[in-house]
Amino acid sequence: MSSSELTEATAADATTRPAQDGAGAHGERAARAPGEGVALGGGRVARAAVAIAIIPARGGSQGLPGKNLARVGGAPLVARAVHAARAAERIGRVVVTTDDAEIAEVARRAGAEIVDRPAELSGATASSESAVLHALGESGFDAASGPAVTVFIQATSPFIDPADLDAAVLRVEQGERDVVFAATPTHGFLWRERADDADGASATGVNHDPTDRPRRQDREPEYLETGAFYALRTDGFLLARHRFFGRIGIQRVHPDTAVEIDDAADLARARALAPRVDRRLAGTVAAMLARRSGAAWVADPRHPFIDVDAVATDFDGVHTDDTATVDELGRESVRVSRADGAGIARLRDAGVPVLILSAEANPVVSRRAEKLGVDCLQGVDDKGAALREWAAARGIRLDRVAYVGNDRGDIPALDLAGWPIAVPDAAPDALERARHVLERHGGHGAVRELADLVLAARAATNAAAGGAPREGESRELDPAHPTREQRGAIAAASVTT
């Protein structure tokens with residue numbers, strides 16, 4: 001976790017065109033009113049939001065146990081839904097209503113508020129509407145004080161484009177429709193088998209006359225409800241107590257997003273689609289997250305907006321190609337990339353802490369970390385616990401950490417990091433947890449590639465803030481470790497004319 005083919009347009013350009021005729025990421029984008037903005041956590045600034053997103057995610061599931069925590073493209077389904085809602089510009093609050101402690105923890109780490117869902121609303125027969133109504137009430141909203149728009153999002157739809165959410169919200173906000181829901185166009189001929197076959201007819205056409213078979217281009221499309229999201233006028237929903245009321249509109253979404261996970265076969269199909277769909281989504285999501293930070297960002301699906309405060313990595317298979325040479329005395333040596341060293345130097349120059357985590361205790365790891373000037377922990381049995389302790393000691397939130405790994409031992413750290421990342425030849429279990437897969441392999445510039453992504457996102461947000469240093473980032477000269485810019489200034493000042 002759907003968007004149309006992306007162009008090399010800046011995020012600022014992409015926001016200047018109003019939504020028309022239900023188009024989202026696949027047509028025109030939602031307009032941004034000039035001057036609108038509200039403070040977000042960490043000092044970032046975003047446009048004023050008018051909607052609250054509510055994601056029902058109960059723990060029980062008859063078709064697929066643990067469904068809402070199943071991973072697609074490196075993230076649990078409930079986390080993917082939260083990420084999509086948080087990236088949308090017109091959604092100000094994201095609430096997950098659940099009866100399950102693990103779902104609540106995963107959703108909280110993804111950035112959602114949590115509403116405890118009572119037992120009477122958590123059974124298989126309880127409607128989603130009842131959970132959304134309860135969450136609105138628990139959040140302190142009624143028909144008079146509620147947000148203009150409530151967006152009901154289903155976590156079982158893994159590929160939600162934030163631009164589609166924004167377009168749907170805008171149509172309800174502007175009074176064009178009372179309800180706008182996600183649907184994808186179809187020209188399929190539908191049939192229904194007859195229960196009574198006495199007259200010899202085994203099936204009958206539902207949406208067509210079997211004797212009249214017009215060409216696809218001569219037929220108006222019909223629309224398949226995807227179940228992904230429903231934008232609702234809040235006061236109307238509180239009165240109707242159902243997701244469909246008043247004037248109903250369709251938000252056309254890409255056919256790739258029309259995946260709703262009900263069983264194991266659906267989950268397998270979503271996981272197979274994720275690498276391709278998520279690459280297409282990455283540019284849109286990156287641009288929207290950058291805009292929420294006040295920055296412009298080129299919508300390039302290869303370059304996600306990895307805005308983090310720290311980078312942690314495995315060693316073998318990430319800094320190396322996962323091979324070693326052994327001489328006749330049993331001494332090991334590994335191959336590393338000078339490009340990776342340059343990337344880490346740039347991270348250090350920018351004030352980004354870097355940690356190497358290794359399961360093995362090997363002098364070559366410590367020597368490499370010492371040369372790079374980064375923290376190193378070796379002989380680590382639980383990389384998740386080690387990462388948590390290191391981040392806490394530095395006052396860094398885990399959701400602001402990028403971790404890159406390649407094997408099963410990295411899974412505890414990948415599960416904790418806000419940006420779990422894998423090299424392309426990583427073990428399947430590690431790839432399954434990756435939010436982004438690098439193009440370069442371990443030992444061949446993978447760390448440099450990640451460093452460039454992190455620094456590009458940092459440069460965009462710093463530029464939007466007028467070049468002001470980030471929290472915890474000092475612009476004072478450190479004689480032992482001057483930044484690249486400071487070294488340039490020193491060199492320029494030393495030139496005599």
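Predicted model: local features only at pLDDT ≥ 70, side-chain atom pairs only at ≥ 80, totals over all residues.

Colleague: How are helices and strands defined here?

Modeller: Both are DSSP runs, numbered from the N terminus: helices are H or I with at least four residues, and strands are E with at least two. The chain has 14 helices and 21 strands.

Colleague: What share of the residues in the chain is buried?

Modeller: The general idea is a cut-off on relative accessible area: buried means under 20%, exposed means over 50%, and partly exposed lies in between, with a 1.4 Å probe and protein chains only. In this chain of 497 residues, buried residues make up 49%. One example is Ser139, in the loop between α4 (128-138) and β8 (149-153). Ser139 counts as buried because its relative accessibility is 16%.

Colleague: Which residues does Ser139 touch?

Modeller: Contact means heavy atoms within 4.5 Å. Leaving aside residues up to four places away in sequence, Ser139 touches Arg93, Val95 and Val115.

Colleague: Which residues of α3 are buried, and why do they lie on the same side?

Modeller: In α3 (residues 101-110), the buried residues are Ile103, Ala104, Val106, Ala107 and Ala110. They cover an arc of only 165° around the axis, which puts them on the same side of α3; the arc is that of the directions from the helix axis to the C-beta atoms. On the other side of α3, Ala101 and Glu102 are exposed. The buried residues of α3 pack against β5 (75-76), α2 (77-87), β6 (91-98) and β7 (113-116).

Colleague: What is found at the start of α3?

Modeller: A polar contact is a pair of N or O atoms within 3.5 Å; within protein, one must be able to donate a hydrogen and the other to accept it, and residues adjacent in sequence count only if both atoms are side-chain atoms. At the start of α3, a side-chain oxygen of Asp100 comes within 3.0 Å of the backbone nitrogen of Glu102.

Colleague: Where are the buried residues of α9 placed around its axis?

Modeller: Helix α9 (residues 363-372) has Val365, Arg368, Ala369 and Leu372 as its buried residues. Seen down the axis, they fall within an arc of 95°, so they line one face of the helix. The face turned away from them carries the exposed residues Pro363, Arg367, Glu370 and Lys371. The buried residues of α9 pack against α8 (338-349), β17 and β18. At the start of α9, a side-chain oxygen of Asn362 reaches to within 3.0 Å of the backbone nitrogen of Val364, and after α9 comes Gly373, with a positive phi near 75°.

Colleague: What is the order of the strands in the open sheet of 7 strands?

Modeller: Two strands pair if DSSP finds at least two bridges between them. The order is β7-β6-β3-β8-β12-β9-β13, with mixed pairing. β7 and β13 (248-252) stand at the edges with a single partner strand each, so one side of each is left without a neighbour in the sheet.

Colleague: In what sense does β9 pair with β13, and how does β9 run against β12?

Modeller: β9 and β13 pair in the parallel sense over 5 bridges, with Ala183 opposite Arg252 in β13. β9 and β12 run antiparallel and are joined by 7 bridges; here Val179 stands opposite Leu232 in β12.

Colleague: Which strands does α2 lie across?

Modeller: Axes are lines fitted to C-alpha atoms, for helices over the stretch in contact, and angles run from 0 to 180 degrees between N-to-C directions. α2 lies across β3, β6 and β8, running at about 160° to β6. Of the 11 residues of α2, 9 are buried.

Definitions and conventions:
Residues numbered from 1 in each chain as written. Heavy atoms only, no water.
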